[in-house]
Each structure stands twice: as structure tokens, then as C-alpha cells.
Amino acid sequence: MTVALEKAIENKSAVVGVIGLGYVGLPLIRAFIAAGFRTMGFDVDQSKVDRLLHGESYIGHISSDWIAECVENRKFVPTADMKRLSEADALLICVPTPLSESRDPDLYYVEETTRQISKSLRPGQLIVLESTTYPGTTRDVVLPILAKSGLKVGSDFFLAYSPEREDPGNPNFSASVIPKVVGGYDAESLKLAQALYAFAVTKVVPVSSCEVAEACKILENTYRSVNIAMVNELKMLFDRIGIDVWEVIDAAKTKPFGFQAFYPGPGLGGHCIPIDPFYLSWVARKHGQATRFIELAGEINTHMPEYVIHRLAQALNEQGKPLNGSKICILGIAYKKDVDDPRESPSFELMDLLRAGHSKLSYNDPHVPRMPKVRHHDAPDMTSTPLTADFLASQDCVLIATDHSAYDYDFIVRHSRLVIDTRNATKNVREGREKIRKA
Ligand SMILES: NC(=O)c1ccc[n+]([C@@H]2O[C@H](COP(=O)([O-])OP(=O)(O)OC[C@H]3O[C@@H](n4cnc5c(N)ncnc54)[C@H](O)[C@@H]3O)[C@@H](O)[C@H]2O)c1
């Protein structure tokens with residue numbers, strides 16, 4: 001079995017199937033097509049599959065023309081038919097791994113996908129989990145479901161874990177130029193996964209087990225969460241003593257070793273950093289250990305929207321205005337600059353707090369034309385208001401939550417009465433700085 005798959009990978013006749021065609025899955029398909037492989041894309045969401053079949057992208061940085069061309073020449077076959085999973089030689093799982101209501105890992109999507117694979121698993125297939133998860137998931141959750149097929153891992157089929165490191169919206173790092181960590185269940189699985197990814201990415205980093213690869217991804221995201229919490233805490237402290245934290249960070253990062261810059265903001269967003277560290281906390285609890293760094297970082301980062309609104313209320317108060325009845329426009333609903341992804345965006349919490357204060361809300365986001373429905377927040381049904389000079393002048397305050405590059409910050413500050421800047425987006429604005437409050 002190994003030899004057949006190895007040959008198919010070597011001569012690129014292997015069909016690469018990606019399960020979960022979202023922010024991670026679609027760029028991965030693109031990397032394998034660029035490497036010369038034929039691909040299949042599986043998703044339970046029929047509407048996504050239909051859009052792809054019609055040559056339409058739903059992810060900002062993946063072009064519709066490219067989708068149309070690849071679907072047309074059969075390099076990419078999108079389908080919602082899970083019975084076709086057996087047609088792929090390698091299956092890469094990129095489904096969501098959220099938290100449950102009680103902030104525990106919710107592996108429903110991974111388990112459900114694995115059940116589907118297990119039903120049609122055939123000898124010679126390589127299965128790789130890419131979804132972010134806690135160490136032990138591939139061995140303890142995925143393998144037992146696949147084993148129900150009656151096939152044996154390491155000889156009939158092969159199993160590996162390789163975390164995705166996608167950075168949506170970052171033009172310098174598409175999937176193919178990011179080194180990929182791979183851990184195999186056994187030596188054969190590692191060899192095959194390594195051979196496959198070597199075609200699609202700039203560098204493969206083999207590690208000794210699936211657990212090391214799983215832990216590596218969680219370390220990377222916990223590292224970010226903790227460091228962002230630290231600069232968020234310093235932002236609040238430095239503000240009290242009249243120091244601009246962004247200027248401090250810019251100065252500190254001139255040190256050529258031993259320092260990496262992280263930036264404060266209105267709170268954490270996205271599918272990864274607010275969520276993944278809690279996968280590790282859950283495992284730690286099972287082993288009787290606390291993860292104090294993770295809990296503390298979560299506490300500080302979660303508090304940031306309240307801090308921002310407190311600063312905003314203070315600034316309005318200086319002008320003799322209460323939150324109640326003030327017109328406030330939030331700039332940016334996406335969780336970070338230049339993307340259209342609103343998942344876990346702190347803007348929703350900012351909106352909840354402003355609505356609780358009875359402010360009159362509006363928003364603008366060039367990448368999010370209509371307010372999306374998200375879990376845990378009851379956001380009003382609004383559309384993005386164009387930022388005309390008259391509109392800006394009509395607002396009591398403009399709150400910059402996301403520093404999209406599309407914004408003309410000189411124009412925004414010129415026409416606004418008060419600007420609360422949570423990202424240092426206005427750092428190059430020269431005129432009207434007296435109207436800006438960093439928060
Ligand atoms: N978005 C990122 O920047 C990023 C970066 C690194 C890692 N990750 C991780 O990658 C994984 C996927 O994240 P994403 O952002 O691509 O999520 P996403 O929500 O954009 O896409 C997931 C897709 O999986 C589909 N899906 C759900 N259940 C399915 C099933 N049983 N069978 C087939 N398809 C199914 C959904 O319909 C959706 O289209 C997560 O574990 C995430 O933590 C995400």
C-alpha cells in the first residue's frame with residue numbers, strides 16, 4: 001500500500017481531497033493545484049459547493065476567476081457528496097474546532113468528518129487532520145473512529161497530523177510559502193505525509209509524533225494570546241502615566257535580538273487565538289494542572305472591549321455628552337485588518353456595550369457590507385454606512401476597531417468630531433490630532 005501511494009504522490013497522480021472548504025481549506029487546495037495535483041473539495045455546506053461550482057469565491061483573497069478556471073479544467077472538483085471521499089488518495093481535514101458553551105473543546109465537526117471517512121475508507125488512503133486541536137486528538141479521537149472500518153493504520157491506511165498556519169489577509173504568506181509541521185502516527189504515515197506536503201509548501205518540518213505537531217500549533221497560538229495580553233495590560237498602565245504604548249513598542253523592536261513586537265488592540269478575534277489556548281487548558285485540567293498564563297491572558301484580553309468603552313465614555317464626557325443617545329460609528333467589523341472574517345471579532349462586544357449604554361450605533365467595514373449573525377451576540381441588522389464627510393460630521397464619535405488599509409485616516413479625522421483609535425491606525429495623521437484618543 002505504501003509503495004502505491006508513494007508512487008502516486010511522486011508522479012502527482014494522487015488526488016488530494018480537502019474536507020472543509022473554509023479559510024484554511026480553500027488556500028490549501030490552491031497550494032496543491034499550484035503544485036500540479038488534481039484536487040477534490042468536500043463541504044457539508046451545499047451553498048458553498050454551489051458557489052464554487054459556479055466559479056464564485058466567498059473568500060476575499062481567493063479570486064473567482066481562479067476558482068472558475070480550476071473547476072472548468074477539473075483540477076478542482078467541489079462536492080457535498082461524502083460518498084465520494086474514497087475517490088481521493090489523501091484526505092486533509094480542515095473543519096472547525098470551536099469551543100462549547102462551557103468553553104471546552106467541541107470536536108463534533110472533526111468526529112463527524114472522521115465518521116464519514118471511516119464509512120468509505122479504502123486501503124492506501126492517507127488521512128491528515130489539519131484542524132487545530134489539543135495533543136492526543138489524532139490518536140485518541142480520530143484513530144478509533146477510522147479503526148471501525150476494519151482497516152489497520154500503518155499498513156492499510158496512513159494517519160498524520162499537520163497544523164494549518166494560514167494567516168488570512170497577509171500578502172506575504174500564502175499557504176505554499178509557510179513551512180509545515182508534520183507528525184505521523186507511525187514512520188510510514190510520516191513518510192507519506194512528508195512526501196505529499198513537500199510538493200505543496202516551501203518546507204516540511206517533520207516531528208516525532210502527532211502529539212508534538214498538535215502541541216506545536218497550540219504553543220504558537222498561546223504564545224500570541226499571552227503576548228497580546230501583556231501589551232494590552234501595558235497599554236492600560238502606560239496610558240495612566242501618559243506614555244504611548246505604541247511608541248514604546250516601536251522603540252523596543254529596534255533591539256535586534258530577544259524581542260518580538262506584539263500590538264495591543266480592542267480585544268482578541270478570529271477563529272484561533274481566542275479559542276485554541278482553551279483546548280490546552282482543558283487537557284491540563286484532565287491532568288490535574290492549571291494553565292495560569294492562558295487563563296490570565298484570556299481574562300485581560302476579554303476585558304479590553306470594556307476598557308475601550310470606558311475610554312470612549314470619558315472622551316464623550318469631556319465634551320459634556322453621555323453615552324446615552326450619542327451617535328457612534330464603529331469602523332471595522334472584521335477581526336483584523338484587510339480580511340472579511342468577522343468570527344469572534346471584538347467589534348461585537350464593543351457594539352453590545354454601546355447598545356447597553358443606549359448609544360445610537362452605525363458601522364462601516366469595506367469588507368463586511370452587511371452585519372453578519374454570529375454566535376453569542378445579538379447584533380442589529382445593519383448595513384455598512386458609506387464614510388462621507390457629512391456622515392462623519394454627524395457622528396459624536398468614530399471608534400476605530402479594525403485598521404483596514406482601505407481607510408483614508410486623514411479624511412476620517414478631518415471630518416469627525418472625536419476619534420477613538422484602538423489600533424494606532426491614525427499614527428500618520430498630522431491635522432486634527434486633538435480629536436484623537438487612543439484606547
Ligand atoms: N482561519 C484561520 O486563519 C485558521 C488558521 C489556522 C488554523 N485554523 C484552523 O483550521 C480549522 C478550520 O478553520 P477555518 O477557518 O477554515 O474554518 P471555516 O469555518 O472557514 O471552514 C470550515 C468549513 O468546514 C465545513 N464543514 C463543517 N463540518 C464539515 C463536515 N463534517 N464535512 C465537511 N465539511 C464540513 C464548513 O461548512 C466550513 O465550510 C480550525 O480548526 C481552525 O482552528 C484556522
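These legends describe close-up views of one predicted model. Residues are numbered from 1 along each chain as its sequence is written, and side-chain values use heavy atoms, without hydrogens or water. Local features need pLDDT of at least 70 and side-chain atom pairs count only at pLDDT 80 or more, while totals for chains, interfaces and linings use all residues.

**View 1. An open sheet of eight strands.** The strand order is β3-β2-β1-β4-β5-β6-β7-β8, and the pairing is mixed. Strands (E, at least two residues) and helices (H or I, at least four residues) are DSSP runs, numbered from the N terminus. Two strands pair if DSSP finds at least two bridges between them. At the edges are β3 (76-79) and β8 (204-207), each pairing on one side only. From one strand to the next, the twist averages 25°. Axes are lines fitted to C-alpha atoms, for helices over the stretch in contact; angles run from 0 to 180 degrees between N-to-C directions.

**View 2. Strands β1 and β4 side by side.** Strand β1 (residues 15-19) pairs with β4 (residues 90-93) in the parallel sense, over four bridges. Which residue in β4 is the bridge partner of Val 16? The partner is Ala 90. Helix α8 (residues 210-240) packs on the sheet and touches β6 (158-161), β7 (180-184) and β8. Contact here means heavy atoms within 4.5 Å. The direction of α8 makes about 145° with that of β7.

View 3. Asp 43 has a side-chain N or O atom 2.6 Å from a ligand oxygen. A polar backbone atom of Val 24 is 2.8 Å from an oxygen atom of the ligand. For Val 95, a backbone N or O atom lies 3.4 Å from a ligand oxygen. The protein buries 93% of the 830 Å² that the ligand exposes when taken alone. These areas come from the Shrake-Rupley method with a 1.4 Å probe.

**View 4. An open sheet of five strands.** The order is β10-β9-β11-β12-β13, with parallel pairing. The edge strands, β10 (360-364) and β13 (436-438), each pair on one side only. The twist averages 20° from one strand to the next. Five bridges join β9 (residues 327-331) to β10. Leu 331 stands opposite Asn 364 in β10. Helix α12 (residues 346-356) touches β9, β10 and β11, at about 175° to the direction of β9.

Terms used: Polar contact = N/O pair within 3.5 Å; in protein donor to acceptor, adjacent residues only side chain to side chain.
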